[in-house]
Amino acid sequence: MIKILIADDQELIRQSLSIILGNEKDFEVTDIVTNGVEVIRSVRKNKPDVILMDIRMPEMDGVVCTQIIKENYPGIKIIILTTFDDDEYVFNALKNGASGYLLKGVSMKELAEAVRKVHDGTAMINEDIASKVVKLFSRMAQSNITIRVDESSVAELKETEWKITALVGSGLSNKEIASKLNLSEGTVRNGLSTILGKLELRDRTQLAIWAVQTGAVNRRFSEEEG
């Protein structure tokens, strides 16, 4: 059972999400709240697995709340709910450890699938805005936000792990990476976990930023994929 906390300052959205997600057999909505302060209180009490977080909320917005939650409860996954004009908010939410973001208006089927994917450790980004996120990663790479990795750890990466890293940096999902490299999704998922362990990175987002910053996203390989 995946425990979900819903945070949005619009009552209609809160109630709608709660009803729809509550009908999924493998979901349990633990609480619905209106701002980041209430999120923190609810997390302490209910320990959700996934938080659906509006980016713009009164008292404490989704960016600050994401940072606080990830610092104190790193195992909780956060999906940011946003709109196209929220670039700066999304930029900072990803930096602070959000597992991805969805546009408000996403179908309920896509939302439910996103919750499951994020719970399983996959970063979730709407397909139609994947390029937007790559641009965000690029902006991060060009800023003073630096993901530091020990050089000896980098040397431990194998050829397939480099390929996975490059494709993560390009914004591809595990399914897309598996298809491109002729691997199973499970193999990609395990490979990603190994990469994060070797590089001592927190999550897929940090790996993507590092891949852009170091140029690994453009790395040329000695053999063709497949």
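Asn182 sits in the loop that joins helix α9 (174-181) to helix α10 (185-199). In this predicted model, the phi angle of Asn182 is near 55°, a positive value in a residue other than glycine. The structure also holds six salt bridges, and a patch of negative charge on the surface includes Glu200.

**Loop residues with positive phi**

- Most residues other than glycine have a negative phi.
- Glu59 is placed in the loop between β3 and α3 (62-72).
- With a relative accessibility of 69%, Glu59 counts as exposed.

- Side chains of opposite charge can pair when their charged atoms come close.
- Glu24 and Arg116 form a salt bridge in which the closest N and O atoms are 2.7 Å apart.
- This pair links distant parts of the chain, with Glu24 in the loop between α1 (11-22) and β2 (27-33) and Arg116 in helix α5 (residues 108-119), 92 residues apart.
- Both partners are partly exposed: Glu24 has a relative accessible area of 28%, and Arg116 has one of 22%.
- Lys198 forms a salt bridge with Glu161, and the closest N and O atoms of this pair are 2.9 Å apart.
- Here too distant parts of the chain are linked, since Lys198 belongs to helix α10 and Glu161 to helix α8 (residues 159-169), 37 residues apart.
- Lys198 is buried, with a relative accessible area of 18%, and Glu161 is buried as well, at 10%; both values fall in the buried class because its limit is under 20%.

**Other salt bridges**

- Arg202 and Asp203 meet through their side chains in a salt bridge, at 3.1 Å from N to O.
- Arg202 counts as partly exposed, at 38% relative accessibility, whereas Asp203 is buried, with a relative accessible area of 14%.
- A network of salt bridges links Asp8, Asp54 and Lys104.

**Negative surface patch**

- Asp150, Glu151, Glu156 and Glu200 gather on the surface in a patch of negative charge.
- Glu200 lies in the loop between α10 and α11 (204-214).
- At a relative accessibility of 70%, Glu200 counts as exposed.

- The relative accessible area of Val50 is 0%, so the residue is buried.
- Leaving aside its neighbours within four places in sequence, Val50 is in contact with Ile2, Lys3, Ile4, Leu5, Lys77, Ile79, Val115 and His119.
- The C-alpha atoms of Val50 and Ile76 are separated by 5.8 Å, although these residues are 26 residues apart along the chain.

How values were computed: Residues are numbered from 1 along each chain as its sequence is written. This is a predicted model: local features need pLDDT of at least 70, side-chain atom pairs count only at pLDDT 80 or more; totals for chains, interfaces and linings use all residues. Side-chain values use heavy atoms; hydrogens and water are left out. Buried means under 20% relative accessible area, exposed over 50%, partly exposed in between (1.4 Å probe, protein chains only). Contact means heavy atoms within 4.5 Å. Helices (H or I, at least four residues) and strands (E, at least two) are DSSP runs, numbered from the N terminus. Patches are made of residues with over 30% relative accessible area and no salt bridge: like charges are joined within 9 Å, nonpolar side chains (Val, Leu, Ile, Met, Phe, Trp, Tyr) within 5 Å. Accessible areas come from the Shrake-Rupley method with a 1.4 Å probe; for residues, only the protein chains shown count as cover. A salt bridge is a side-chain nitrogen of Lys or Arg within 4 Å of a carboxyl oxygen of Asp or Glu. Lys and Arg count as positive and Asp and Glu as negative; His and the chain ends are not counted. The place of a charge is taken as NZ of Lys, CZ of Arg, CG of Asp or CD of Glu.
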